[in-house]
Amino acid sequence: QDSQKNGCGVPSQAADNRRFPSLACHLTMPPEPVSPSLVFPSRIDAWLAAVVLLAVLSPLAVVVLRGAGSGAEQVVVWVTALLPLVAGGLLLLPCRYTLADDHLHIRCGLIRQRIAYRDITGIAPSRNMLSAPALSLQRVKVSYRKQNGRGQGFQLVSPREREVFMQALQQQVNRATGHTSG
């Protein structure tokens, strides 16, 4: 009897499952996600990581090599030396791009931005060196209409899998705007 299947093709566990097969389906089958988000971590250029690490670790190295003094001076010196490290972490980590249901969500540390797919007007590879929530120069330029109606804007991102990101983002834009690809 235990080998009998209920109405959804799952082996029945108890007599109650055979009497209420649809209930058994809901209790034994995991719910399907409505629309899973795709998360793309940032690509990290080794040379850029080295520059950033050098910048944030230099004050700490000076304190270690020269000494921090004593008493209150020591506290001030250590706080001053650790501040760039903490600030760098808060501004850079994590750096990722999420394709959600109706928008691109850009997160780089404490900085967050949402761009609705319906507002995106262009997606193109870029090596632009402007400051951006991107840890690599192998970037994607995402052009969009500003929500306040004041023209165009763009954001530079650097997903690890640039081509896959561009294709997935274009599919989301096409879906949101009713366009078909190809």
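**Confidence first.** I started with the scores: the chain has a mean pLDDT of 80, and 79% of its residues reach 70 or more. I keep in mind that this is a predicted model. Over residues 1–17 pLDDT stays under 50, and the model has 25 contacts beyond four places in sequence for them. Residues 20–34 also stay under 50, with 10 such contacts. Where pLDDT is low, the predicted coordinates should not be read in detail. I left both stretches alone after that.

**The sheet.** Next I traced the strands. I found 4 of them in an open sheet, ordered β1-β2-β3-β4, with antiparallel pairing. Which strands stand at the edges? They are β1 (38–41) and β4 (111–116); each has a single partner strand, so one side of each is left without a neighbour in the sheet. I noted the twist too, which averages 15 degrees from one strand to the next.

**Zooming in on β1.** I followed β1 to its partner, β2 (residues 95–99), and found 4 bridges joining the two antiparallel strands.

What does the pair tie together? Phe-40 is in strand β1 and Phe-165 in helix α5, so the contact joins parts that are 125 residues apart in sequence. I also checked burial, and both Phe-40 and Phe-165 are buried. Tyr-97 turned up again here: ring pairs link Phe-40, Tyr-97 and Phe-165 into a cluster.

**The core.** Last, I looked up the largest nonpolar core, which has 22 residues. Which members touch the most others? I wrote down Tyr-97, Leu-99, Leu-104, Ile-120, Val-142, Phe-165 and Leu-169. So where do the core residues come from? β2, β3 (103–108), β5 (120–126), β6 (139–145) and α5 (162–177) each supply at least two. Helix α5 gives the largest share, 5 residues. In soluble globular proteins, nonpolar side chains tend to be buried together.

Key:
Residues numbered from 1 in each chain as written. Heavy atoms only, no water. Pairing = 2+ DSSP bridges. Axes fitted to C-alpha atoms, helices over the stretch in contact; angles between N-to-C directions. Core = buried A, V, L, I, M, F, W, Y, C linked by side-chain atoms within 4.5 Å. Buried < 20%, exposed > 50% of the residue type's maximum accessible area, 1.4 Å probe, protein only. pLDDT = per-residue confidence, 0-100. Contact = heavy atoms within 4.5 Å. Phe/Tyr/Trp six-rings, centres within 6.5 Å; stacked < 30°, edge-to-face > 60°.
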